[in-house]
Amino acid sequence: MEDVLAVYARPYNAARPVVCMDEKPYQLLDEAREPLPVRQGSTEKVDSEYIRKGTCSIFIFNEALTGWRYAEAFPRRTKVDWAGRIKWLLDKQYPDAELVVLIMDNLNTHAISSLYETFPPKEAFRLAQRLEIHFTPKHGVGLT
């Protein structure tokens, strides 16, 4: 945890932006019955029953010191999706940064090896060289 806190304490450096990334699974739901419309003197009536419509994975990026944030949903959680988001982050969002300091959780898909499984070795190496990765602790909540 001290490592992540030390990274957060760094002063802003446009050449080395600190970006937090999280990938969140999300359950997709639909209404089992249409809500009843609002009537004068009454609120909308919504049934608590729902229909499960699968899941998706939402990537969330945040650069706290500039206020920038971005979210994008994908149908599932894969190494290819993570690698594609990292390439986008480095080449489109921060093309002029010498290095992106990336704070993220330690999922099996969030690894440099995912870059090599997705891109040719030369491209994977180029991307990997522009990352400084710091993983959040597995049980970081509740530390004193």
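The following dialogue examines how the terms applied to this predicted model rest on its computed values.

Visitor: Why is arginine 85 called buried?

Guide: Arginine 85 has 13% relative accessibility, and buried means under 20%, so arginine 85 counts as buried. The residue is placed in helix H2, residues 79–93.

Visitor: Which residues is arginine 85 in contact with, leaving aside its neighbours within four places in sequence?

Guide: Arginine 85 is in contact with Phe59, Phe61, Tyr70, Glu72 and Phe74. Between arginine 85 and phenylalanine 59 there are 26 residues of separation in sequence, and their C-alpha atoms are 8.1 Å apart.

Visitor: Why is leucine 5 called partly exposed?

Guide: The relative accessibility of leucine 5 is 48%. Leucine 5 belongs to helix H1, residues 2–8.

Visitor: What makes the pair of arginine 16 and glutamate 132 a salt bridge?

Guide: The closest N and O atoms of arginine 16 and glutamate 132 are 3.8 Å apart. A salt bridge requires the nitrogen to lie within 4 Å of the carboxyl oxygen, so the pair qualifies. The two residues link distant parts of the chain, with arginine 16 in the loop between H1 and E1 and glutamate 132 in strand E5 (residues 131–135), 116 residues apart. Arginine 16 is partly exposed at 35% relative accessibility, whereas glutamate 132 is buried at 19%.

Visitor: How do you know that arginine 33 forms a salt bridge with aspartate 47?

Guide: Their closest N and O atoms are 2.6 Å apart, and the limit is 4 Å. Both arginine 33 and aspartate 47 lie in the loop between E1 and E2, 14 residues apart. Arginine 33, at 44% relative accessibility, is partly exposed, and aspartate 47, at 29%, is partly exposed.

Visitor: Why is glutamate 123 called buried?

Guide: The relative accessible area of glutamate 123 is 19%, and the buried class lies under 20%, so the residue is classed as buried. Its side chain meets that of arginine 126 in a salt bridge of 2.7 Å, N to O. Both residues lie in helix H4, three residues apart, about one turn of the helix. Arginine 126 is partly exposed, at 32% relative accessibility.

Visitor: Which residues are linked in a network of salt bridges?

Guide: The network links Lys87, Asp91, Glu123, Arg126 and Arg130. The structure holds twelve salt bridges.

Visitor: Why is proline 95 called partly exposed?

Guide: Proline 95 has a relative accessible area of 47%, and the exposed class begins over 50% while the buried class is under 20%; proline 95 is therefore partly exposed. It is found in the loop between H2 and E4, and it touches Leu90 and Arg130, not counting residues up to four places away in sequence.

Visitor: What is the volume of the largest pocket, and which residues lie nearest its centre?

Guide: The largest pocket has a volume of about 180 Å³. Its lining comprises 14 residues, of which Tyr8, Met21, Asp22, Ile103 and Thr136 lie nearest the centre.

Terms used: Residues numbered from 1 in each chain as written. Predicted model: local features only at pLDDT ≥ 70, side-chain atom pairs only at ≥ 80, totals over all residues. Heavy atoms only, no water. Helix = DSSP H or I, 4+ residues; strand = E, 2+ residues; numbered from the N terminus. Buried < 20%, exposed > 50% of the residue type's maximum accessible area, 1.4 Å probe, protein only. Contact = heavy atoms within 4.5 Å. 1 Å grid on protein atoms, 1.4 Å probe; cavity = no way out; pocket = protein on both sides within 12 Å on 5 of 7 lines; lining within 4 Å. Points joined across faces, edges and corners; volume = space filled by probe spheres on them.
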